[in-house]
Amino acid sequence: MQFDQILQYTLSGLSTGAIYALIGIGFSIIYNATGIINFAQGEFVMLGGLLTLSCLELLKLPLWAAVPCAVAVSTLVGILFERLAIRPLRQPTPINLVIITIGGSILIRGLAMLVWGKDTHAVPPFSGDTPIAIGGATILPQHLWIFAITLIIIFINKVYFYRTISGKAMRACSYNRRAAGLVGIDVKRMVLFSFIISSAMGAVAGIIVAPLTMTAYDVGVMLGLKGFCAAIIGGMSSGASTVIGGLILGVLESLGAGLISSGYKDAIAFIILLLILFIRPQGLFGKADSERV
Amino acid sequence: MLEVSGITQIFGGVTALDSVSFSMSKGDITGVIGPNGAGKTTLFNIITGIYRQSAGTVLLEGKDVTGLPPEKLARLAMVRTFQNIELFGGMTVLENVMVGMHTRSSAGLLACALKMPWSISEERRISVGALKWLEFAGIADLADHTAGSLPFGKGRLLEIARALAVEPRIILMDEPAAGLNSQETFALAQLIKRIRDLGITVVLVEHDMELVMDICDRIVVLNLGRKLAEGTPREIQESPEVIAAYLGDDD
Amino acid sequence: MKRDFVLFIAFSLLVVAVPLLFSGGYLMNVLVFVGINTMLAIALNLLLGYAGQISLGHAGFFGLGAYLSGILTTTCSVNPWVAMPAAAAVVGCLAGLIGFPILKLKGHYLAMATLGLGIIMYIVFNETVDLTGGPSGLSAIPNLKLAGVSFDSDIKNYYLIWSFTLAVMLFSLNLANSRVGRALRAVHDSEVAAQVLGVNARLLKVQIFALSAVISSLAGSLYAHTMTFVAPASFGFNFSIELLTMVVIGGLGSIYGSFLGAALLTLLPEFLRGANEYDIIIYGGLLMVMVMYMPGGLVRGVPALYRKVVRQKSVADHA
């Protein structure tokens, strides 16, 4: 077990972890604004990657145009989802919400299968694939893109939630929805915003990771679940805690796959999920809830 | 019968209850009153095992029951009703009361599923017993209605009938008169007196002063998390501290 | 009570009569699947519809029952009639152990945890190649034999499976209308009120979780011995969702509803033969439509719709 190997696994783990972090933040934003866990979150990731592919190949758009295009369409799907599925729900019990978001995710996945088929597709990397050496390990330029874009998005998030009025309004909703409504915040609109931001972030995550892992109609399931895992580790925060959660998950998964067994790679995330839910459901960094009845 | 001593409850930075102590005698109807925010419901939730208290003890018939979960308290013959009635809306009125008899029956999962003969006769006994409690509360005619469709006043009576089916020795009611009109409140007062006549100790948290002064044997007054006064209705009505707490100083 | 009894007898007679009225090995085979799926849907319904606890990992228990029974009877040459209850006992204990921590969770968290559990089981089925044969599956699983009769044809399997299905239905119907069934529904409607009345909600939830797993395991074992071949693909997340769809469409908290949902979702793909790829879209759409417009499922929604139509018609007639 050489240091180089461990470094390699850690680096690639950090980059997948960044993706999990972005997806996890998406979960947290919707959850904090609405109390809903959006099972369909992973599908926006999938849409981001596949839509970019279509923009590049079918519409022959250059990368700098394809990406915003893909994000825009994914966000549109997110808006439609919120409008058509979430808002009209008459009995928003947890069971119904779980079922409807699962139904939505299946529907989106099925439609994606119709459009793009079942094959995996390769997406060209943003700036070539000449490996870069770091220590005894190598990373690809796409990894750097992932780190950079993740940092940018987290920064934008911070600015939005803490410096803008609508961001602060969303935070108010997450602390106390009724009070927020009483001071004049349009809660329904905040719900819509939360879906817009989450689907956009999910799409971006999908776009930056697609060149590394190929993309297909069903990548959303696993990525979504692992993103959720990151959010749980981070205590459903839409900030640093979830980022750390994602990075921890990515690195543990990568080290586990490399050093122990690659077949069980996916199981690692779920075992961690179960352990956290059993032992410390408020996440590694959250404070335990004191119930008020 | 029921004794609380030194009950203190701290939520984050707020001291909801500060060393509250008093006792309730067997067979009494005891009222717990106080301005809003005095900590009455918090105290109730601690006694009935729903909250964990920060300090203090609860003794039931001399036995320390502090921190015991509600289902264990039910087996020790203590039961409570809720301020926002917690009916089993999807079941019928009769079925709601039948659940109340859970501790007075014992057919387990396998016995029920395999329809063992003794579970069938127990089921009949439960059904008959539940109907009796509905009659006691005066709502036997609603037995087959869905609980969720009941008007509020009837729902209150159902919750009380259901609690009585546990055959408790002490029943704690959280604002039973809330939301009732004066006619329904009068009927409630009669019902509570009949419950006391069965030998059951009653403790009420209430805001309706007329009801409290009318039926309670003893009254405990809480204010801002502390016990302010304790005594007979007359003593409480004449206590200057209580008057000051409710109405503000007269100067 | 009387009416429920008559209904069940009528249903059982129908089940017995079907092979005598319709013939065809293919139909029998499909109806065998309906029977197995009905058992699974009832198992999930007990947990979800009655006790109100979400599980998205039930395909895992189904698979465990299938693999445990399959492995015991092939590698260890155990008699299937011993292997099935043994597998059920193991699955029941496992579910009981996991049930305590997992059922402390509620709502979405429980859904995710059970989802994770189901996927972990699926991965184990795929990876323990020496035991399970991995992705290529486990074959040569023996048929069940009783009194010299070997259950190896479609019509024999039909009666075998449906005997178990009817037994599970009867078991569940009895349970639903009993003291324990009421306690379950009480926990679903208001857990705190049920506790105050003496119901040990935590223990009850674990018991139902274990029961649900045992029934699923039984269905899995029967599946293994009638198909004689099992592969991990049948026990993944997609099937857990299919089971959920069956329960929701049929009607949460209704045993006959589970049959309806199972029958519909097993027969529907047969009628959409060419549209094999589209079934996943249809499930998604069905789930959403049902939850939005008919949350009580078909078993309540259809009669309600009928009554509405009849009432509107009589208003129109009298106008």
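Chain B is divided into domain 1, covering 1–71 + 170–251, and domain 2, covering 78–167; these bounds come from an automatic or database domain assignment. This is a predicted model, in which local features need pLDDT of at least 70, side-chain atom pairs count only at pLDDT 80 or more, and totals for chains, interfaces and linings use all residues. Residues are numbered from 1 along each chain as its sequence is written, while chains are lettered from A and ligands numbered from 1 in the order in which they are written.

The C-alpha centres of domain 1 and domain 2 of chain B lie 26 Å apart. Between them, 17 residues of domain 1 of chain B are in contact with 13 residues of domain 2 of chain B; contact requires C-beta atoms, placed from the backbone, within 7 Å. On the domain 1 side, strand 7 of chain B gives the most, with 5 residues. Helices (H or I, at least four residues) and strands (E, at least two) are DSSP runs, numbered from the N terminus.

I now turn to chain C. Chain C contains 14 helices and 2 strands. Its radius of gyration, taken over C-alpha atoms, is 20 Å, close to the 20 Å that the globule rule gives for 319 residues, so chain C is as compact as a globular protein of that length. That rule is 2.2 Å times the number of residues to the power 0.38.

Which chain does chain C touch? In chain C, 24 residues are in contact with 33 residues of chain B. Helix 8 of chain C supplies the largest share of the chain C side, 8 residues.

Definitions and conventions. Two residues are in contact if their C-beta atoms, placed from the backbone, lie within 7 Å.
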